[in-house]
Amino acid sequence: MRRHHLIEEAKAELDVAYEEVKRAEQSVMALESEYNDRLKSLGGDDASMSTLMVEKEQRQNDLHIEDLYALQKETIERFARVSSAFTIIGAVDFDGVGVDLVRGLLFHKKEARARRVEVDRAIRNFAHNLRSFSLEDDGFSYDGEVRECWAEIERLLNECTED
């Protein structure tokens with residue numbers, strides 16, 4: 001199966017999120033070290049220590065590390081979904097089998113069952129276009145179709161989790 005840049009983009013998003021989390025964690029550790037050194041120099045002055053701790057917590061909050069963790073989690077999940085769908089479609093010979101497997105993987109909640117026809121149509125289109133992209137000589141002409149189909153799958157996933 002040819003490499004598709006949709007999966008490469010999902011990986012790049014994951015890499016960026018990872019680097020942002022890593023940068024923020026390193027900043028938190030540097031702040032901890034800085035403030036530990038500053039606390040030692042205060043010599044037990046409770047008021048100054050309290051003020052210093054409030055300052056440290058504010059600077060750490062300004063890093064928004066919890067938001068970065070949430071973003072990283074989203075990018076991990078997206079990369080896993082894209083990778084799994086590509087692997088499944090590439091591993092089976094029949095679109096029907098691929099549709100069943102991808103549906104079972106991505107749309108396992110009962111909310112999605114009510115939209116099975118719409119979900120199956122989106123996955124079938126994705127499978128057909130990805131297979132065409134991968135196997136046909138002019139497969140790159142299917143690139144946009146693969147992207148559109150995946151966008152539709154993600155839209156359905158989001159709607160099913162919102163319900």
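Visitor: What does "buried" mean, and what is the relative accessible area of Trp150?

Guide: Buried means under 20% relative accessible area. In this predicted model, Trp150 falls below that cut-off, so Trp150 counts as buried. Its relative accessible area is 1%.

Visitor: How many aromatic pairs does a search of the whole structure find?

Guide: Good thing to ask! A pair of aromatic rings is described by the distance of the centres and the angle of the planes. Searching the whole structure gives a total of 2 aromatic pairs.

Visitor: Which kind of pair do the rings of Phe86 and Phe126 form?

Guide: Their centres are 5.8 Å apart, and their planes meet at 65°. Planes over 60 degrees apart count as edge-to-face. The pair of Phe86 and Phe126 is therefore edge-to-face.

Visitor: Which helices hold Phe86 and Phe126, and how many residues apart in sequence are the parts that the pair ties together?

Guide: Phe86 belongs to helix H3 (residues 65-91), while Phe126 belongs to helix H6 (residues 116-135). The pair therefore ties together parts whose separation in sequence is 40 residues.

Visitor: Is Phe126 buried or exposed?

Guide: Phe126 has a relative accessibility of 0%. Since the cut-off for buried is under 20%, Phe126 counts as buried.

Visitor: Which kind of pair do Phe126 and Trp150 form?

Guide: Here the ring centres of Phe126 and Trp150 are 5.2 Å apart, with the planes at 50°.

Notes. Residues are numbered from 1 along each chain as its sequence is written. This is a predicted model: local features need pLDDT of at least 70, side-chain atom pairs count only at pLDDT 80 or more; totals for chains, interfaces and linings use all residues. Side-chain values use heavy atoms; hydrogens and water are left out. Rings of Phe, Tyr and Trp (its six-membered ring) pair if their centres lie within 6.5 Å; planes under 30 degrees apart count as stacked, over 60 as edge-to-face and the rest as tilted. Helices (H or I, at least four residues) and strands (E, at least two) are DSSP runs, numbered from the N terminus. Buried means under 20% relative accessible area, exposed over 50%, partly exposed in between (1.4 Å probe, protein chains only).
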